[in-house]
Amino acid sequence: MKAALDPSGNGPDPLLHVNRIVAQSSSSFLWGMRILPRERRRAMFAIYAFCREVDDIADEPGEVAEKRRALTGWREEIRRLYAGEPTRPTTRALLDPVRRFNLPQDEFFAVIDGMETDASPTVRMTTLEDLLRYCRNVAGAVGLLSIHAFGVPREPGPRIARALGNAFQLTNILRDLKEDAGLRRLYVPLDLLAKHGIATRSLEEVFVHPRFADVCAELAELARSHYDEADKLMKELQSRRMRPAAVMMAGYRETLEKLRARGWKRIDEPVRLKQTRKIWLAVRHGLL
């Protein structure tokens, strides 16, 4: 099926392009964003499409040099976007949200920074500080873009965005340990492994080490602390504009609790929320 053309004649229609990317997602994102007013929802769909496209560059097979060239191309495209001259469907879809909601340019660059980390031949985090910096780039930056689209750009909005960014990404890391290992990635920091007496850097040996479960449990507690912080701040804020974030938090938080219930010695067993559960969470938290 051919992509619908932009009425201006400049290639694929931007809105249909980003909507198609979002529709292909099975993430909690889709259900959280459905409750937004139209213009804010369009902004979030465009932000998501950008994140999806740069993430695909990092994750798909290919030469590292080519991936870095592609990400550099996106960095240049973001500059063109803020100059008012975007050339790609996704950045054309972002043009109005950037102007309407004052989306910060540096946060798009931060996401690309995170994808450059993932595009490396292997990924290892040396310290917990390195891991949290990575979480800030790939997830916190998305949150800081999102709060502008939601209409909560001032405190405590940024603190909520950073807390949820840490919580969501730590949950993803704990959920995807085996999948990431297949891509030669280990986000669990080496200093945390050493703290628990794990000296090996072999992924296979790390995962079967008797103390690895303790490492995962510590990271899970760190994620829970960030969920607790975000939850407290959102209750203090009492803004219905943060309902999409509440929907996403409910899904991610439940995933973390399912991981904890499964335990850390059976990381081969996947943990996913069923689609019906995602819908129920969206209804429950989106209508409160």
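This is a predicted model: local features need pLDDT of at least 70, side-chain atom pairs count only at pLDDT 80 or more; totals for chains, interfaces and linings use all residues.
Local features need pLDDT of at least 70 and side-chain atom pairs count only at pLDDT 80 or more, while totals for chains, interfaces and linings use all residues. Residues are numbered from 1 along each chain as its sequence is written, and side-chain values use heavy atoms, with hydrogens and water left out.

**Whole chain.** Select the protein chain and colour by secondary structure: there are 14 helices and two strands. These are DSSP runs numbered from the N terminus (helices H or I, at least four residues; strands E, at least two). Of the 288 residues, 52% are buried, meaning under 20% relative accessible area with a 1.4 Å probe, protein chains only. Among contacts (heavy atoms within 4.5 Å) with a separation of 6 or more, 68% join residues 24 or more positions apart.

**α4 and α5.** Select residues 64–82 and 89–101. The two helices pack at about 40 degrees with axes 10 Å apart; axes are lines fitted to C-alpha atoms over the stretch in contact, and angles run from 0 to 180 degrees between N-to-C directions. α4 and α5 are therefore oblique to each other (under 35 degrees is roughly parallel, over 145 roughly antiparallel, 65 to 115 roughly perpendicular, the rest oblique). Show side chains for W74, E77, I78, L81 and Y82 of α4, which meet T90, T91, L94, L95 and V98 of α5. This contact has seven nonpolar, two polar and one charged residues. Ala, Val, Leu, Ile, Met, Phe, Trp, Tyr, Cys and Pro count as nonpolar, Asp, Glu, Lys and Arg as charged, and the others, Gly among them, as polar.

**α6 and α7.** Next take residues 105–118 and 128–150, where the angle is about 150 degrees and the axes are 8 Å apart. α6 and α7 are therefore roughly antiparallel. On α6 the contact residues include F108, V111 and M115; on α7 they include Y134, V138 and L145. By class, ten are nonpolar, three polar and four charged.

**α12 and α13.** Finish with residues 212–237 and 243–262, packed at about 155 degrees with axes 11 Å apart. That makes α12 roughly antiparallel to α13. Contact residues include R224, Y227 and D231 of α12 and Y252, R253 and E257 of α13. The contact divides into ten nonpolar, no polar and seven charged residues.

Notes:
Buried means under 20% relative accessible area, exposed over 50%, partly exposed in between (1.4 Å probe, protein chains only).
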